[in-house]
Amino acid sequence: MKEAVVNSVTRILDNYLEVTHHRKTPERYTILRAIYNQKGHFTLEELKAILTEKYNFPVSRATLYNTLNLFMEIRLVMRHRIHSITKYEAFYGNNNHCHQICTSCGKVTEVSSPEIVEAVSNLNLKRFRKDGFNLYIYGMCSSCQAKITRKRRKEKKLKTE
């Protein structure tokens with residue numbers, strides 16, 4: 001399945017580069033492959049490290065930034081700004097999804113919700129063609145909730161002593 005997705009996004013990139021008369025550079029294709037073999041969200045720095053460590057393909061920060069902008073333009077990558085951190089994720093085949101974001105630790109996880117996808121699909125928007133959505137749900141993850149509970153119990157115990 002993953003290889004089929006990589007092949008599809010590679011064809012999309014090929015077509016776009018041909019139509020717009022851009023160069024087909026090895027950097028673009030290696031970065032695309034690394035992104036689509038990556039699970040979840042990643043920062044620019046994390047992608048740079050993956051390219052260097054796993055692919056033995058070091059690239060400059062500027063090349064990464066420009067390539068990610070190109071991929072966003074053709075909707076192969078989505079950018080998220082969460083807690084003043086910019087994260088990216090592969091977008092092809094995943095254009096309707098929800099994220100839950102912990103406001104304490106910043107952890108981001110994807111949530112599968114067919115009900116929300118159906119509700120958005122059924123929205124009747126005038127003079128607008130929908131082709132995807134992202135929903136952010138803010139709250140506190142169970143790990144942070146447990147830390148707070150432990151801290152309160154400890155404080156309460158100290159007060160009673």
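So, I101: its bridge partner in β4 is V108. Strands here are DSSP E runs of at least two residues, numbered from the N terminus, and helices are H or I runs of at least four. Before I go on, this is a predicted model, where local features need pLDDT of at least 70, side-chain atom pairs count only at pLDDT 80 or more, and totals for chains, interfaces and linings use all residues. Residues are numbered from 1 along each chain as its sequence is written, and side-chain values use heavy atoms, with hydrogens and water left out.

Back to the strands. β3, residues 96-102, pairs with β4 in the antiparallel sense over four bridges; for two strands to pair, DSSP has to find at least two bridges between them. The open sheet has three strands in the order β4-β3-β5, and the pairing is mixed. At the edges sit β4 (108-111) and β5 (133-139), each pairing on one side only. From one strand to the next, the twist averages 30 degrees. Across β3 and β5 lies helix α5, residues 114-121, at about 135 degrees to β5. Axes are lines fitted to C-alpha atoms, for helices over the stretch in contact, and angles run from 0 to 180 degrees between N-to-C directions; contact means heavy atoms within 4.5 Å.
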